[in-house]
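Here are my notes on the model you sent over. Have it open while you read, and take the points in any order you like.

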Amino acid sequence: MTITRSVWGFIERRDYRVMQRMNRWRAPRWIRYWMIAATRMGDGWLWYGLGIMLVLYGGPQRFSAIGAAGAAAGAGILVFKMLKRLSQRQRPCQIEPHCWSKVLPPDKFSFPSGHTMTAFSIALVVSYFYPSLEGTLFFVAFSIAVSRIVLGMHFLSDVLAGIVLGVALGCATITTFASFGLA
């Protein structure tokens, strides 16, 4: 129990230090635009647009790719909603005001980052079916993840947990689809 408390205490102290640095950092304008654009891409419209593009131009594996990505994203939504209710961790923007970001959070709980989890699960699954998109998809996923910290929406540990959970969901989905001969 003491080890668990000291580990969580260490994580919380680190998270608060990173939060305070991000909240006080006057990022250059181009970084501000990039972070806001990245976080907005993670709101869902980018993934729907990707799905439409795959339907139109995705070739013979398009329905398997869309099904697997949709399954990963759907499972991710269930997981992050459950974990947010369980953890009830406040968001950084609720604890300390941000110096320039006025982006409003989609809900009131921080752990884990749903934007990050969704981005990484979809990036992993779609890049499995379309390896040529891998670099672009992971650049977008990392941009979304970083934007959640820079904009004061999440703590570093929320985003790291979102990455781990997103990759796990992506791998599980690919494995499941492959075992049924759909991947």
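1. Start with Arg40, which counts as partly exposed because its relative accessible area is 36%; the cut-offs here are under 20% for buried, over 50% for exposed and partly exposed in between, with a 1.4 Å probe and protein chains only. Its salt-bridge partner is Asp43, with 3.2 Å between the closest N and O atoms. Asp43 is partly exposed as well, at 40%. A salt bridge here means a side-chain nitrogen of Lys or Arg within 4 Å of a carboxyl oxygen of Asp or Glu, and by that rule the count is five.

2. A word on ground rules: this is a predicted model, so local features need pLDDT of at least 70 and side-chain atom pairs count only at pLDDT 80 or more, while totals for chains, interfaces and linings use all residues. Residues are numbered from 1 along each chain as its sequence is written, and side-chain values use heavy atoms, with hydrogens and water left out.

3. Have a look at Asp158 and Arg89, whose salt bridge has its closest N and O atoms 2.8 Å apart. This pair links distant parts of the chain, 69 residues apart: Asp158 sits in helix H8 and Arg89 in the loop between H4 and H5. Both Asp158 and Arg89 are buried. Salt bridges with shared partners also tie Glu12, Asp15, Arg89 and Asp158 into one network. Helices in these notes are DSSP runs (H or I, at least four residues), numbered from the N terminus.

4. Arg24 and Glu96 make another salt bridge, at 3.6 Å from N to O. Here too distant parts of the chain are linked, 72 residues apart, with Arg24 in helix H1 (residues 2-24) and Glu96 in the loop between helix H5 (92-95) and H6. Which of the two is buried and which is exposed? Arg24 is exposed, because its relative accessible area is 55%, whereas Glu96 is buried, at 13%.

5. The largest pocket holds about 550 Å³ of space. For the record, a pocket is an open set of points on a 1 Å grid over the protein atoms alone, where a 1.4 Å probe fits, with protein on both sides within 12 Å along at least five of seven lines; lining residues have an atom within 4 Å of a point. The lining has 25 residues, and Gly44, Trp47, Tyr48, Ile77 and Thr118 lie nearest the centre. H4 gives the largest share, nine residues. By class, the lining has 12 nonpolar, nine polar and four charged residues.

6. There is a nonpolar surface patch made of Ile52, Met53, Val55, Leu56, Tyr57 and Phe63, with about 680 Å² of accessible area together. H3 contributes the most, with five residues. To join a patch, a residue needs over 30% relative accessible area and no salt bridge, and nonpolar side chains are joined within 5 Å.

7. Two backbone spots deserve a look. Most residues other than glycine have a negative phi, and most peptide bonds are trans. Gln88, in the loop between H4 and H5, has a positive phi near 50 degrees. Gln88 is exposed, at 52% relative accessible area. A cis peptide bond joins Phe111 and Pro112, with omega about -10 degrees, and Pro112 is in the loop between H5 and H6.

Notes
Grid points are joined across faces, edges and corners, and a volume is the space filled by probe spheres set on the points. Helices (H or I, at least four residues) and strands (E, at least two) are DSSP runs, numbered from the N terminus. Ala, Val, Leu, Ile, Met, Phe, Trp, Tyr, Cys and Pro count as nonpolar, Asp, Glu, Lys and Arg as charged, and the others, Gly among them, as polar. Patches are made of residues with over 30% relative accessible area and no salt bridge: like charges are joined within 9 Å, nonpolar side chains (Val, Leu, Ile, Met, Phe, Trp, Tyr) within 5 Å. Accessible areas come from the Shrake-Rupley method with a 1.4 Å probe; for residues, only the protein chains shown count as cover.
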